Amino acid sequence: MADLQPAGGPDGAAQSPEEVACCATAGGVGDTQSLEQSSLRCGTRLVGTPDASCSKDAGSRLTCVAVQPCSGSAIPSISPGAPVFMFSGQGSQKPGMGGDLLAVKEVGEVFACASDVLGYDVADLVLNAEPEKLNDTRNAQPALCVLSVAVARALMARGAEPAAVLGFSLGQVSALAVSGMLSDEATFAFVKVRSELMAEAAAAHPGAMSALLKADEESVAALCERCAEGEVLVPANFNCPGQIVVAGAPAAVACAEAAWAEAGKRSSRLATSGAFHSPLLADAAAGLAAYLEDVEFSEPRIPLICNVTAAPLSATEARDHLVRHLTSPVRFQQSVEALAGAGADTFVEVGFGGVLANLVKRIDKTATRACVQDRASFDGFLAASSATDSE
């Protein structure tokens with residue numbers, strides 16, 4: 001199927017986001033091969049779900065990369081053409097993003113709500129902050145979360161109702177609001193705490209992340225085992241076929257990159273502020289667990305596919321999974337595969353950057369994809385959706 005709108009940049013390209021690995025960077029990195037050699041059943045589709053979330057102290061060696069069954073129920077059947085909303089991860093931010101959407105009623109209302117909760121003018125941050133300020137985890141996460149929720153609310157107000165929602169790392173926080181599990185106010189309070197805890201943990205336990213190309217689960221697990229050398233080194237993001245991100249102590253990541261190069265394969269170091277989705281974020285996970293004790297979750301009105309399990313998230317699981325989320329790998333590829341197995345054929349990134357829409361093409365080349373990130377793509381998506389509905 002043709003794209004509804006361009007997905008933002010060259011096919012497969014990304015700009016070294018902190019929580020979303022690049023699909024292609026300078027030097028031609030972008031080769032892919034089949035990621036899954038083994039799989040397990042999640043709902044009605046076989047998807048691989050390697051788990052590197054074994055409990056270890058942040059400074060100890062993590063050697064367990066086990067397979068954990070999906071929890072939660074199967075994804076409900078999704079009708080052809082019904083959109084899955086995907087929410088951008090940290091690293092997709094850019095000064096001025098979404099600026100021409102602020103005049104849209106629902107977008108302006110969500111930004112105003114977020115400004116009240118966060119205690120500063122979020123629109124001013126997005127429009128006027130220098131890149132260094134916006135890229136700070138404490139600012140990048142709230143800014144992207146607010147924009148994603150705002151654009152989703154505006155689309156939904158015009159009849160574009162998602163059949164399911166899926167975020168990438170930070171994007172899962174945006175999905176909490178759009179799914180109905182948290183109010184907008186509670187979501188923005190949550191992302192403020194989460195961003196602060198992650199920034200503090202990353203400063204206390206420095207780490208790095210690198211995207212490995214031509215990667216498969218078994219070889220990456222072996223690489224992490226061989227190169228950890230007493231440090232943390234784990235798979236952090238399962239992005240698309242042939243692309244797995246590892247995270248850990250800087251020396252261990254450098255060792256993994258060197259070993260990968262010796263095997264004739266390429267890697268791409270990400271411009272990260274920490275080793276996200278690794279045990280080096282254990283302090284942040286502990287702080288988040290304490291915060292979430294007082295947060296009440298509702299059952300989702302729209303199915304939310306969890307990064308931790310690649311399965312729908314329930315209210316009873318939310319606290320545990322959101323805490324584990326910080327130290328567990330993001331199973332984006334497995335989530336898209338599970339959604340496709342339930343019938344999803346239209347994936348719409350709501351936020352900025354187009355990284356996720358490009359990853360989807362590498363996972364399911366038959367899927368229709370779009371990135372709604374400015375007024376032109378907003379209007380274009382609604383026009384295309386209306387035309388499809390009238391056929």
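Biologist: Leaving aside its neighbours within four places in sequence, which residues is F111 in contact with?

Modeller: This is a predicted model, in which local features need pLDDT of at least 70, side-chain atom pairs count only at pLDDT 80 or more, and totals for chains, interfaces and linings use all residues. Residues are numbered from 1 along each chain as its sequence is written, and side-chain values use heavy atoms, with hydrogens and water left out. Taking contact to mean heavy atoms within 4.5 Å, and setting aside the neighbours within four places in sequence, F111 is in contact with L102, V122, A123, V126, V146, L147 and A150.

Biologist: At what angle do the axes of α1 and α4 cross?

Modeller: Helices (H or I, at least four residues) and strands (E, at least two) are DSSP runs numbered from the N terminus, and axes are lines fitted to C-alpha atoms, for helices over the stretch in contact, with angles running from 0 to 180 degrees between N-to-C directions. On that basis α1 (residues 105-118) and α4 (residues 137-157) have axes that come within 8 Å and cross at roughly 145 degrees.

Biologist: And which residues of α1 make that contact?

Modeller: On the α4 side the contact is made by P142, V146, L147, V149, A150, V151, R153, A154 and A157. The residues of the contact divide into 13 nonpolar, no polar and two charged, with Ala, Val, Leu, Ile, Met, Phe, Trp, Tyr, Cys and Pro counted as nonpolar, Asp, Glu, Lys and Arg as charged, and the others, Gly among them, as polar. From α1 the residues are E106, V107, V110, F111, A114 and L118.

Biologist: How are α5 and α6 oriented to each other?

Modeller: Angles under 35 degrees count as roughly parallel, over 145 as roughly antiparallel, 65 to 115 as roughly perpendicular and the rest as oblique. Helix α5 (residues 170-179) packs with helix α6 (residues 184-204) at about 160 degrees, their axes being 8 Å apart. The two helices are therefore roughly antiparallel.

Biologist: What is the relative accessible area of A177?

Modeller: A177 lies in helix α5 and, leaving aside neighbours within four places in sequence, is in contact with V149, R153, L182, D184 and T187. A177 counts as buried, because its relative accessible area is 2%.

Biologist: Where does S169 lie?

Modeller: Most residues other than glycine have a negative phi. S169, although not a glycine, has a positive phi of about 60 degrees, and with a relative accessible area of 0% it is buried. S169 lies in the loop between β6 (164-167) and α5.

Biologist: How are α11 and α12 oriented to each other?

Modeller: Helix α11 (residues 332-341) and helix α12 (residues 355-363) have axes 10 Å apart and pack at an angle of about 65 degrees. In this contact F332, Q333, V336 and E337 of α11 meet L356, L359, V360 and I363 of α12. The angle makes the pair roughly perpendicular.

Biologist: Which elements are included in what covers the buried residues of α12?

Modeller: Seven of the nine residues of α12 are buried, so the rest of the structure largely encloses this helix. The buried ones are V355, L356, A357, N358, L359, V360 and I363. Their cover includes β5 (83-87), β8 (233-240), β9 (242-248), α11, β13 (346-350) and β14 (368-372).

Biologist: Taking the protein as a whole, what percentage of its residues count as buried?

Modeller: The protein has 13 helices and 14 strands. Among contacts with a separation of 6 or more, 78% join residues 24 or more positions apart. Of the 391 residues, the share that counts as buried is 60%.

Definitions and conventions: Buried < 20%, exposed > 50% of the residue type's maximum accessible area, 1.4 Å probe, protein only.
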